[in-house]
Amino acid sequence: MQESQAENPEVAQTDPVAPPRLTVQGITKVFPGVVALDNVSFEVLPGEIHAMVGENGAGKSTLMHIVAGVYTPDQGSMAFDGLPYAPADEKAAQKMGVAMVFQEGSLFPPLSVAENIFAGRQPLNSLGLVDFAPMNSTTRTLLRDLEVDLDPATPVIELSPSQRQLVEIAKALSQQVQLLILDEPTSSLTISEARHLFKVLRQLAKRGVAIVYVTHRLAEVFEVADRVTVLKDGKVTGVRMIGQTTPDELIHLEVGRELSFEPDPRRAPPEAPVVLEVEDLATLRVTSASLKVRAGEIVCLAGLVGAGRTELCEAIFGIHPIRHGRVCIDGVEITPHHPLEAMKAGIGMVPEDRREAGLFLAMSVAANIAVANMDSVSHNGIIADREVVRLASQTAEALHIITPSLEREVMFLSGGNQQKVLLARWLARNPRILIVDEPTRGVDVGAKSDLYTILRELTRNGVALLVVSSDLPEVLALAHRIVVMSEGRTVGELEASQADEVAILQMATPRGVVKEGGLD
Amino acid sequence: MPETVKTTLDEVETVQEKKRTRNSLLRLAKRIAVDRVLLLIVLIAAISIWMTLAYPEAFPHWDNFAAVLLDAAQSGILTVGMMILLVGGVFDLSIGSTLAFAGIVAGTLVKEAGLPPLLAFLGGILTGTAVGTINGLIITRLRINALITTLAMQGILRGVTQLVASSGVANLPQGFKPFGQTMILFLQSPFWVMLVIVLLAWFAMTRTRFFRQFYYVGSNSRAATLSGIKVDRVVLVGFILMGTLAGLAGALLASRLSNAVVLAGIGTELRTITAAILGGASLSGGAGTIPGAFLGVLFMSLIQNMLIIARVPVFWQSIVVGVVLLVAIGIDQLGRRGR
C-alpha cells in the first residue's frame with residue numbers, strides 16, 4: 001500500500017540528504033490572551049517515531065492541529081518532504097497524507113468497521129449504490145496488516161477502546177498516510193493493548209511512515225520513540241535522541257524543576273482502626289472482593305483495565321446494586337442504594353472520567369464545589385450565596401486551585417485544576433473515606449505532584465483513602481498497601497515495602513502470563 | 001521638528017481614543033449578544049418604539065398593552081414550567097393537549113356535575129398534575145425518553161378530550177368566570193396569576209436548594225447522581241410541575257372564555273419552547289433563567305400583537321414563530337462557537 005519510502009526505510013532514516021517528512025520553522029500562534037506557540041521549530045523524518053511531550057497547555061495540541069490543517073499559524077512556515085506546506089484546511093492536509101488520530105476518536109459507533117474506514121468515500125457500484133464487497137475486503141486486508149482480528153462488518157459500538165483506536169489507525173492507513181499523528185493514544189488502553197499498538201507503530205515506521213506521538217506518559221516515550229521534543233509554555237525546551245536522555249531530564253525540561261515521586265516514608269500506624277471493610281462483595285461484574293482500609297491509610301487498587309476495580313468502587317458508593325457480601329463503615333454494615341446514602345455514611349468518590357461523570361463543565365467553579373455540600377450552604381432549603389462563596393474560596397485556597405475567579409466555568413480550567421475542584425467538592429464534606437479513581441489521569445507532571453501532596457495531607461487528618469490507578473509508578477508512590485484485582489476478584493495484597501511492578505503485574509495478569517516490566 | 005512630533009502624538013492619542021470608544025461599543029454589543037436578558041430587553045424596547053412610531057393610533061394604548069399582557073399570561077405560565085424542564089435537560093410536548101383536557105374536565109365538573117366553581121377549577125388543575133405525574137413516571141421509571149413519551153401523550157390526550165366532550169363544554173355558569181375575568185389594577189387576572197408564578201419560580205430557581213438541582217441535572221446528569229442528587233426525583237417533580245401549570249392554564253382559559261374548547265392549546269408547545277429558547281434555554285440542558293423565559297414570552301406576544309395590528313393574516317403567525325425559533329437557536333449556536 002505504501003509507496004516510495006516503503007521500499008527501503010533504513011535509507012530513509014539514515015540518509016542525510018533525504019528531506020524530513022515534516023519541517024516546522026519558527027511557528028507562532030496567538031489566541032486571544034495567550035501565546036500558544038512561540039517561535040516553535042520541529043521536524044520528523046520518514047520512518048521516525050517522534051514523541052512530543054509537555055505539560056497541559058504547553059502547546060502540543062495546538063502545534064498538531066496546525067500540522068493537521070485545523071489552525072493556521074500566525075507566523076512561520078512548514079515544509080512537507082522538502083516542499084512548502086501550508087494546508088488551508090483538514091481536507092488539504094489529508095490529501096498530503098497527514099492523518100491525526102484524535103483523543104476522543106472520530107468514529108461513528110453504530111456503523112460497521114468498514115463503513116467507518118471508508119466514511120464519505122465508500123466505493124460505489126454501477127447503480128451508484130454502496131458496494132460492500134470491495135469495501136469489506138480492503139478493510140480485511142488493512143486489519144490483517146495491523147494484526148487485528150476483526151470482522152469488517154462489526155459495528156464499532158461493539159469494539160473495545162483499543163480496537164477503536166486501531167480502526168482509526170486503519171482508516172489513516174487507507175488514506176495512504178505519510179505522517180501519522182497520535183494524541184494520547186494509550187489513555188484508555190490496557191497494558192497488552194498498548195503493547196500491540198506500539199508494535200503496529202514500529203511496523204508502520206519501518207514502512208517509512210513518519211509518526212508524531214503526543215503523550216503524557218514518559219515511560220511510553222522510552223518504549224516506542226526514536227526521538228523526543230519537549231514543549232514548555234509554547235516553546236521548545238529540548239530535542240533529544242532517546243538513547244541520550246533520561247526520564248529525569250525530560251521532566252526537568254517539561255517543568256523546569258526536579259520532581260520526585262518517591263514513596264511517602266510515613267506509614268499509617270498499623271493499630272489505626274479499620275474504617276472501610278469490604279467482605280466478599282459481588283455485583284454484576286465483581287465476583288468477589290474483600291479489602292480493608294484503615295484511618296490515615298492509602299490503599300491502592302491495582303489491576304488491568306476491566307478487572308472490576310471501578311465497578312467495586314461504584315458498588316461501595318451505591319451506584320451498582322450489591323448482590324451479596326458486606327460493606328462496613330466503622331464496623332457498621334451499610335447497603336447504599338444511591339450515592340446520597342453512601343455520602344451520608346461518610347464516603348466520597350472522585351470518578352474516573354472527570355468530564356463525563358465528575359464535572360458540570362458549563363457551571364462555575366463555586367457551583368461545582370457546592371453541589372455535594374448543599375447541607376452546609378443552605379438553611380431550610382434556601383441556599384445562602386455567601387456561604388457558597390465562603391466554602392468555595394476556602395477549599396479552593398486550601399488546594400491551590402488556579403482560576404481567574406470562582407465564577408469561571410470549570411471547563412476553562414486545566415486538567416489538574418479540574419481534578420482539584422473535584423477533590424475540593426468532597427474535602428469540604430470532611431469524608432471518613434475518599435475513593436479516588438485514577439487521580440492523575442490526563443494531568444500534567446506539576447499538577448500530579450500537587451495531587452499527591454493533597455492525598456498525603458488527607459491521610460494525616462485520618463481520612464481513609466481507596467485509590468484506583470492503572471499507573472504502576474503512581475501506585476508504588478502513593479500506596480501504603482496495594483490490593484490487586486483480576487477478573488472481578490481481589491487476588492492478593494502487597495505491603496508497599498515489598499511491592500514492585502513485576503510483583504503487581506504477576507498478580508494482576510490472568511493465567512499467570514507475565515509481561516516484562518511495567519508499562520509506565 | 002518638535003511641532004511635528006507633537007502633532008503625531010496628538011494624532012496617536014485621537015486614534016487611540018477612537019479605538020477605545022469603538023472597543024467599548026464593541027464590548028457593549030458583545031455583552032448584549034451574550035446576555036440573553038439584556039438582548040431581549042433591547043429587542044422589546046426597539047419593537048415598542050418602532051410600533052409606537054409606525055402605528056401611533058393602535059399600538060401605544062393601555063387597552064392594547066393589557067391585551068398583550070393577557071396574551072402573555074397563558075404562554076408565561078406554561079413557559080415557566082417548560083423553562084424548568086429545559087434547564088433539567090428535558091421538555092414536554094403534551095402541554096397543549098393537557099391544557100385542553102384540563103379545561104374540559106373543569107368545564108364538565110362545573111356544568112354537568114354541578115360542582116362548586118372553585119372545586120371544578122381545582123379539578124382542572126389537578127387533572128394537569130395527574131397528566132404530568134404519568135409523564136414523569138413513564139420517563140423516570142420506564143426510561144422512555146421525554147420526546148417519545150410526551151409526543152405520545154399529546155396524541156392520546158387530544159383524542160381522549162374529543163372523545164369525552166366532542167366539541168367542548170359551552171356557556172359555563174357565571175360562578176366560574178371570576179378566575180379568568182376579574183380586573184385587578186386595570187389588568188385581567190390571568191396576568192397576575194402569571195406574574196406570581198414567574199416571581200415564585202424565579203426565586204425558586206435562583207435560591208432554593210431543590211430547584212437549583214435542575215441546573216446540575218441538565219448540565220451533567222451522571223455527575224449529578226454521583227454528587228448525591230436524586231436525578232429521577234428532580235425530573236419527576238419537573239414534569240408534575242409542568243402538568244400542573246398546564247392544568248392551571250387550561251382551567252384559566254376555560255374561565256376566561258366561559259367555554260371549554262376541545263381544540264384549545266394546539267401549537268402551544270412550539271410557542272412555549274420557542275419562548276424558553278429565546279430566554280436562554282438550550283436543548284442540551286443546564287442553561288436558562290426565569291427572567292429570560294418571561295422576556296421571551298413578552299417578545300413573542302409583542303410580535304403577535306405587531307402582526308395583528310399590521311393586519312397580517314393569521315397563518316403568518318405560525319410561520320413567524322417557527323422562524324423566530326430557528327433564529328434563536330442559530331444565535332445560540334453562534335455564541336457557542338464564538339467561545
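In this predicted model, chain A splits into two domains: domain 1 takes in 268–346 + 431–520, and domain 2 covers 359–426. Going by their C-alpha centres, domain 1 and domain 2 of chain A sit 26 Å apart.

Next comes the nonpolar core. The largest one in the model has 252 residues, and the members touching the most other members are A:Ile211 and A:Ile504. Helix 11 of chain B (residues 231–257) is the biggest giver here, supplying 15 residues to this core. Both domains of chain A also have a share in this core, with at least three residues coming from domain 1 and at least three from domain 2. In general, nonpolar side chains in soluble globular proteins tend to be buried together. Zooming in on A:Ile504, and skipping its neighbours within four places in sequence, its contacts are A:Ala302, A:Leu472, A:Val475, A:Ile482, A:Val484, A:Leu494 and A:Ala499.

Where chains A and B meet, 17 residues of chain B are in contact with 20 residues of chain A. On the chain B side, helix 9 (209–219) and helix 10 (221–226) each bring at least two residues. Helix 9 of chain B gives the most to that side, with 6 residues.

Within chain B, one helix pair is worth a look. Helix 3 (residues 62–87) and helix 12 (residues 268–278) of chain B have axes that come within 9 Å and cross at roughly 65 degrees. The crossing of helix 3 of chain B past helix 12 of chain B is right-handed. Helix 3 of chain B brings B:Ser75, B:Leu78, B:Thr79, B:Met82, B:Met83 and B:Leu86 to the contact, while helix 12 of chain B answers with B:Thr268, B:Arg271, B:Thr272, B:Ile273, B:Ala275 and B:Ala276. Sorted by type, the residues of this helix 3–helix 12 contact in chain B come out as 7 nonpolar, 4 polar and 1 charged.

Terms used: Residues numbered from 1 in each chain as written. Chains lettered and ligands numbered in written order. Predicted model: local features only at pLDDT ≥ 70, side-chain atom pairs only at ≥ 80, totals over all residues. Axes fitted to C-alpha atoms, helices over the stretch in contact; angles between N-to-C directions. Helix = DSSP H or I, 4+ residues; strand = E, 2+ residues; numbered from the N terminus. Left-handed = near helix turned anticlockwise from the far one by under 90°. Contact = placed C-beta atoms within 7 Å. Nonpolar A, V, L, I, M, F, W, Y, C, P; charged D, E, K, R; others polar. Core = buried A, V, L, I, M, F, W, Y, C linked by C-beta atoms within 7 Å. Buried ≥ 20, exposed ≤ 12 C-beta atoms within 10 Å, placed from the backbone. Domains from an automatic or database assignment.
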